[in-house]
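Please keep the structure in view while reading.

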There are 2 protein chains.
Amino acid sequence: MMRIYKKAILPLDFQANGIASGIKKSGKLDLALLYSGIPAKAACQFTSNKIQAAPIRINKKYLKEKRDYQAIIVNSGNANCFTGNRGLRDAEETTQILSKAVGIKKNSVLVASTGIIGKRLPLLKIRNSIPKLVMGLSRYGIDKAKTAILTTDTFAKEITVKFNIGSQIITVCGIAKGAGMIAPNMATMLCFILTDARITQRALSKALGSCVNNSFNCITVDGCQSTNDTIISLANGASRNNLIDTDNKHFNLFLKALNIVCLELAKLIIKDAEGATKFIQIRVEKAKNFTQARHVALNIANSNLFKTAMYGENPNFGRIIAAIGASRVDVGEKDIKMKASPLNKKEIKVAVSIKQGDACATVYTSDLTPEYIKINAEYN
Amino acid sequence: MMRIYKKAILPLDFQANGIASGIKKSGKLDLALLYSGIPAKAACQFTSNKIQAAPIRINKKYLKEKRDYQAIIVNSGNANCFTGNRGLRDAEETTQILSKAVGIKKNSVLVASTGIIGKRLPLLKIRNSIPKLVMGLSRYGIDKAKTAILTTDTFAKEITVKFNIGSQIITVCGIAKGAGMIAPNMATMLCFILTDARITQRALSKALGSCVNNSFNCITVDGCQSTNDTIISLANGASRNNLIDTDNKHFNLFLKALNIVCLELAKLIIKDAEGATKFIQIRVEKAKNFTQARHVALNIANSNLFKTAMYGENPNFGRIIAAIGASRVDVGEKDIKMKASPLNKKEIKVAVSIKQGDACATVYTSDLTPEYIKINAEYN
């Protein structure tokens with residue numbers, strides 16, 4: 001039985017905090033810390049954009065050491081991307097200042113940044129704020145942390161799933177930011193998943209890969225790919241359950257919980273998409289395989305013409321046909337069947353069948369609106 | 001010496017006409033005829049969208065016969081796409097009614113349609129209008145024809161280039177429609193190029209392929225690919241010049257003239273892009289080859305975030321970086337150099353250098369504006 005809570009509840013032996021360090025001129029919270037009292041396994045996924053932000057490159061360096069990790073430090077308001085060697089040093093120094101302040105091993109701190117691209121990270125502000133950030137760590141600090149990672153988001157994205165392995169209760173808690181795939185200059189999507197599950201490294205990595213494929217890789221706001229997309233999951237084993245591994249029966253339970261967390265956070269990102277008035281689900285059926293189904297669905301979801309039609313509640317389904325054809329999948333017009341729920345509702349479901357096989361995929365997207373343009377024309 | 005005229009002037013032995021057949025409810029011109037008094041070589045390029053409109057499929061059938069051609073009939077207001085076998089019969093019958101009315105060989109008529117996808121072509125209206133269309137053919141009818149092919153365009157796209165081969169004057173005249181790559185449901189871009197040059201089939205095809213690659217394949221409004229994109233060039237040889245072939249010196253002259261025609265029409269389409277307030281030129285330099293340069297330039301040009309930044313005159317160049325990285329070209333951030341002309345002008349030039357080699361490409365695009373959304377939210 002999965003118990004689902006629509007708020008972030010920290011798993012055992014985790015603490016968190018969020019403060020305003022002055023990176024955001026508005027004075028809003030902009031520096032978050034997620035901390036595990038005991039070393040944790042980590043599994044991560046990063047953007048496939050060829051230009052990767054400094055924090056991602058530093059994480060990759062640390063992850064090569066295949067150690068355990070204990071903390072994630074996150075700033076919003078600055079992406080620390082396209083910042084050269086200086087940016088790499090800033091990201092690395094951030095982790096080292098933090099590891100000293102907390103008293104944990106060097107290189108056991110992961111780091112993420114989100115905000116404008118191409119401006120130097122204000123390291124001094126971060127350095128001066130870290131003592132306060134660490135002092136304020138608490139079991140309830142997750143509510144500040146989840147807010148401190150936001151940029152153009154209008155609400156925090158959070159969810160917790162609990163389930164049992166024997167008499168042990170496992171908690172999987174996720175928080176995310178992102179108002180769509182969206183805005184590379186705002187560094188887009190960050191997601192942190194904390195669990196007290198006792199799980200092997202390979203099982204955690206396998207589960208995360210599988211869940212991300214069905215959730216965060218199935219959402220799009222504008223097809224623009226970020227330089228900073230980061231998903232980090234930490235599993236500290238504090239719940240002392242029987243070890244979860246890829247080949248035992250507990251794995252599917254954990255996978256199910258993680259899937260709920262990832263899919264819900266992904267949908268919340270779309271519900272908060274910049275300027276959106278619609279939440280649109282596109283299901284492609286009878287595809288050759290999942291990858292093809294998702295490819296076709298994303299082609300529809302990324303069509304500005306489809307998205308403006310949805311905004312206008314305009315049943316101009318020729319645009320879906322054109323997008324399917326543009327996806328390069330070898331379909332004839334006779335192979336295509338379409339249906340859509342009423343367009344005047346806030347949530348719209350579109351189903352397309354393409355007669356290539358038996359696989360399907362569902363993608364989530366938003367409409368394209370004048371408000372999206374306003375937000376992105378003015379942002380800097 | 002190339003003489004350039006910013007209007008359509010028919011080459012020798014061509015006539016044209018345009019009338020209102022009632023396909024457009026507005027009563028505007030919607031049926032055009034381009035006619036050569038003598039059989040002409042034809043070279044064509046069609047959309048690579050897997051879903052192709054009926055007129056394209058009929059043209060491909062006729063072109064397999066490798067004959068000469070004498071007429072092009074074009075309707076606007078209906079794309080005759082996603083219309084099944086009925087649509088194929090409608091397109092074919094249109095050409096046959098016309099060939100009888102003009103008294104030319106069956107299958108020597110090419111056909112193009114532009115407008116909404118998925119609605120049956122009103123063949124009866126076309127049939128009833130063809131006598132009037134043919135009767136009105138004249139040397140000056142090109143002004144009606146160029147208007148009858150438009151949909152959301154706000155002006156007709158036209159250009160004529162004249163040059164000499166010996167004492168013979170060759171005229172190359174082009175007209176086009178399209179308010180961007182743009183709107184698949186409005187069937188996007190049509191272009192017709194008429195010339196009285198005496199040229200071999202292979203030279204005409206080679207020249208067209210080369211010119212399209214540098215012009216129409218280098219423009220984008222919204223990255224949405226049409227089901228109806230069509231470029232047809234007819235060369236009737238009426239100027240009686242020494243035959244142009246791929247291996248003689250006249251070929252480069254013809255190529256130069258055709259290039260001017262294609263590039264100017266392509267730019268005019270972008271200048272008329274739906275809702276656009278900016279004409280943006282993106283030049284990518286130091287690429288491995290032309291294809292890579294164009295690929296990177298198109299990735300920037302199709303980024304909604306770049307386009308909204310240009311609309312907002314917002315120097316948010318991190319969005320260019322993110323788009324380059326998303327193009328999958330293996331560049332590091334140190335390889336990239338950028339500059340841009342002032343953003344508060346109507347015409348903006350962006351130059352990007354990527355340190356991969358010596359090739360370059362220029363792509364033309366527009367900004368993304370609330371007006372684009374309004375036009376496409378309401379169109380049906």
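A crossing of two helices is called left-handed if the near helix is turned anticlockwise from the far one by less than a right angle, and right-handed if clockwise. The crossing of α7(A) and α9(A) is right-handed. Helices here (H or I, at least four residues) and strands (E, at least two) are DSSP runs, numbered from the N terminus. This is a predicted model, in which local features need pLDDT of at least 70 and side-chain atom pairs count only at pLDDT 80 or more, while totals for chains, interfaces and linings use all residues. Residues are numbered from 1 along each chain as its sequence is written, and chains are lettered from A and ligands numbered from 1 in the order in which they are written.

Helix α7 of chain A covers residues 290–301 and helix α9 of chain A residues 318–326; their axes lie 8 Å apart at an angle of about 130°. Axes are lines fitted to C-alpha atoms, for helices over the stretch in contact, and angles run from 0 to 180 degrees between N-to-C directions. This angle makes α7(A) oblique to α9(A); angles under 35 degrees count as roughly parallel, over 145 as roughly antiparallel, 65 to 115 as roughly perpendicular and the rest as oblique.

A second pair consists of helix α5 (residues 201–214) and helix α6 (residues 250–271) of chain A, whose axes come within 9 Å and cross at roughly 40°. α5(A) and α6(A) are therefore oblique to each other, and their crossing is right-handed. The contact of α5(A) with α6(A) comprises eleven nonpolar, three polar and no charged residues. Ala, Val, Leu, Ile, Met, Phe, Trp, Tyr, Cys and Pro count as nonpolar, Asp, Glu, Lys and Arg as charged, and the others, Gly among them, as polar. Two residues are in contact if their C-beta atoms, placed from the backbone, lie within 7 Å.

Along its principal axes, the C-alpha trace of chain A spans about 65 × 50 × 35 Å.

Finally, chain A meets chain B: 48 residues of chain A are in contact with 47 residues of chain B. On the side of chain A that touches chain B, the elements giving two or more residues are α8 (304–311), α9 and α10 (370–378) of chain A. Of these, α9(A) gives the most, with seven residues.
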